[in-house]
Amino acid sequence: MFQRNLVIAFGVATMLILAVLVSGSDAKSLAGFPQPQVHQSSSGVLSLTLQATIARNLVRDPTTGETRLIETPTYNGTIPGPTLRAKPGDSLEILLINDLPSNPLGQRMGGFPHDPYSTNLHTHGLTVSPQGISDNVLRLMEPGTSNPVRVEIPPDHPSGTFWYHPHKHGSVSFQLFGGMAGFLIIGGGPGTLDSVPEVKSAREVLMAFQEIRTDKNGRLPFVNPAATQLGTDGNNPGLWTTLANGNFYITTNGITNPTLRMSPGEVQRWRLLNAASGATLVVALEDHGLHIIANDGITVPNMQTLAPGQPYVLGTGQRADVLVKAGAPGVYRLQALDPAASPGWSVVSASGIDPAPRNVRFSLDLPTPTFPVTLATIVVSGRPRDMPLPAGPLPVPTALPSIETMLSTPPNVVRKIAFEICGQRVFMQPLASRLPTCGFYFDRYDVNYWGGTNFTSLNMMRDGDDAGTPSPDPAEPLVDFQKEALFTHDKPLFDDMFVGNFEEWTVVNRSFSDHTFHIHQNPFLVTHVNGKPLPVPEWNDTMIVPAAQPQPGANPVNINEAMFGSLTFRTHFDPDTVGSFVMHCHVLNHEDIGMMQRLEIQDRHGSPAVAGRRNLAQHKH
Ligand SMILES: [Cu+2]
């Protein structure tokens with residue numbers, strides 16, 4: 001049914017940079033394994049220019065061996081963009097030059113994706129200000145402009161693995177298909193994970209996994225302006241018919257299946273980043289157990305060791321720092337397993353709770369890989385070593401409230417968030433088997449909202465406590481919802497989020513597709529998956545909310561009879577994060593059509609925080 005044409009990418013630009021970078025002690029072990037160019041802060045400042053530009057890179061098809069030229073939006077010409085390294089207390093001073101082409105004329109506007117070449121910059125996972133020229137995703141950086149960005153990293157900020165990428169609503173998936181993403185690593189001093197002797201002595205390897213897509217000509221087209229729903233179904237065209245017969249590449253640092261060398265018994269620290277636009281990666285290393293030391297950049301209290309070959313699920317946007325201790329000489333593949341076919345292993349956290357096949361209905365138009373995908377080949381050879389793994393507890397970040405504090409502090413507010421999908425796929429059409437919100441919101445998000453052509457996929461993110469009122473109309477059993485279910489700049493979802501508060505949220509998934517929940521600025525401590533308590537709560541800033549499970553034997557399936565998936569977490573609003581930001585589904589195709597909400601943290605006096613768009617430096621050049 002899907003075209004299966006996984007190809008191998010071979011980033012020439014990355015390789016050229018690699019040739020310059022490979023020097024000193026890293027040269028021997030990492031030779032052949034690409035690492036993005038590094039920009040390091042000095043004297044408290046990381047100063048650099050990021051140029052958003054369409055650049056050429058070479059790609060190679062693994063099945064045919066054919067090498068192709070692709071031409072996609074990038075940062076500084078490379079896939080991925082450069083690695084930024086800074087320390088707590090530093091400031092990032094970035095000039096983002098948008099050298100992408102002008103946006104097309106006569107676009108379909110409204111809630112429909114538009115302005116493919118407008119951009120902005122998000123520092124994913126950083127607990128920093130969302131205002132002004134800091135980590136402000138409500139900002140617009142138009143083609144032909146230079147945009148200063150200044151992000152002050154608090155002196156007590158956790159060290160860890162973070163990343164940066166564009167976040168302009170409507171064009172995020174497009175720009176990530178091109179390769180626009182890079183590591184943002186906050187280095188730690190004494191008392192942090194980086195100073196644990198067994199971690200410090202481990203060679204560090206960065207792996208950014210990306211999903212690069214183009215048409216047959218190697219170019220990246222924007223969405224089909226005639227789309228009437230998310231994915232093509234029958235005669236109804238989807239958003240990405242433009243890529244339906246295209247090529248795609250799952251790359252590791254811009255190259256498909258690079259080779260990494262290790263000595264037997266050597267321990268390496270891998271920083272894994274799922275920077276794909278929509279692909280959940282079920283990552284496993286043959287015959288080796290992954291030792292998890294941090295999730296989403298946040299050090300875990302105790303290293304968690306998975307069984308040999310057991311995968312770790314990385315939703316889009318998630319990171320994991322893992323230690324790997326090489327076994328006997330041999331060749332081992334680091335693989336992305338089929339998310340739908342590894343039910344015994346696919347848990348959304350390291351907890352082992354509720355394994356289930358992972359299912360992201362990303363788009364019916366986008367070719368899917370033939371699993372397993374080899375992300376990297378690990379060659380273990382040479383003289384054996386016996387490097388130790390950490391034995392005791394790991395140093396958790398001091399800037400975050402302790403897990404005990406998070407659990408014992410009564411929440412100021414308890415909230416419910418709901419991921420819901422309405423659509424025109426066959427099983428979603430009968431009134432009895434669609435969600436009771438669908439009728440009301442189909443009326444609300446009409447042909448005008450979607451820029452003049454009807455669009456019938458509603459990927460909603462709602463205030464789950466906005467319950468509506470019953471109505472006798474079977475087409476609209478619930479009406480009078482008070483809030484928007486799709487993203488709007490105009491209004492935050494809640495008017496009572498105050499700095500310093502502790503809150504408890506449950507994010508419910510009322511759809512048969514996984515959604516990856518991400519909230520900007522403040523991480524969250526997951527306490528329950530599907531209502532079941534985790535043995536050890538886990539800090540994350542991005543995590544899969546498991547899909548609803550259909551009632552056994554149901555045919556056709558009916559979402560109203562399904563068991564909904566959920567995450568429950570505690571969160572705390574850090575004083576540095578006053579202002580407006582967003583939470584959204586990190587399946588970016590979903591986010592781009594509205595599966596996102598603006599949030600606003602107000603200061604103690606309740607004065608409204610500064611909204612995103614005002615007073616922003618943007619200069620024509
Ligand atoms: Cu989603």
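A residue is called buried here if 20 or more other C-beta atoms lie within 10 Å of its own, exposed if 12 or fewer do, and partly exposed in between, with the C-beta atoms placed from the backbone. By this criterion, buried residues account for 53% of the 621 residues in the protein chain. The model is a predicted one: local features need pLDDT of at least 70, and side-chain atom pairs count only at pLDDT 80 or more, while totals for chains, interfaces and linings use all residues. Residues are numbered from 1 along each chain as its sequence is written.

Turning to the overall fold, the protein chain contains seven helices and 34 strands (DSSP runs numbered from the N terminus, with at least four residues of H or I for a helix and at least two of E for a strand). The radius of gyration is 23 Å, close to the 25 Å that the globule rule gives for 621 residues, so the chain is as compact as a globular protein of that length. This radius is taken over C-alpha atoms, and the rule is 2.2 Å times the number of residues to the power 0.38. Along the principal axes, the C-alpha atoms fill a box of roughly 75 × 60 × 55 Å.

In soluble globular proteins, nonpolar side chains tend to be buried together. The largest nonpolar core has 156 residues, and Met207, Phe209 and Val283 are among those with the most contacts inside it. Such a core is a set of buried Ala, Val, Leu, Ile, Met, Phe, Trp, Tyr and Cys residues joined through C-beta atoms within 7 Å. Beyond its neighbours within four places in sequence, Met207 is in contact (C-beta atoms, placed from the backbone, within 7 Å) with residues including Trp270, Leu272 and Ala376.

Five strands follow the order E13-E21-E20-E15-E18, with mixed pairing; strands pair if DSSP finds at least two bridges between them. Strands E13 (259-262) and E18 (312-314) stand at the edges, each with a single partner strand, so one side of each is left without a neighbour in the sheet. Within the sheet, E15 (residues 281-285) runs antiparallel to E20 (residues 330-337) over four bridges, and Leu285 stands opposite Leu334 in E20. E20 also pairs in the antiparallel sense with E21 (residues 373-380), over seven bridges. There, Ala376 in E21 is the bridge partner of Leu334, and Ala376 is also a contact of Met207.

Key: Contact = placed C-beta atoms within 7 Å.
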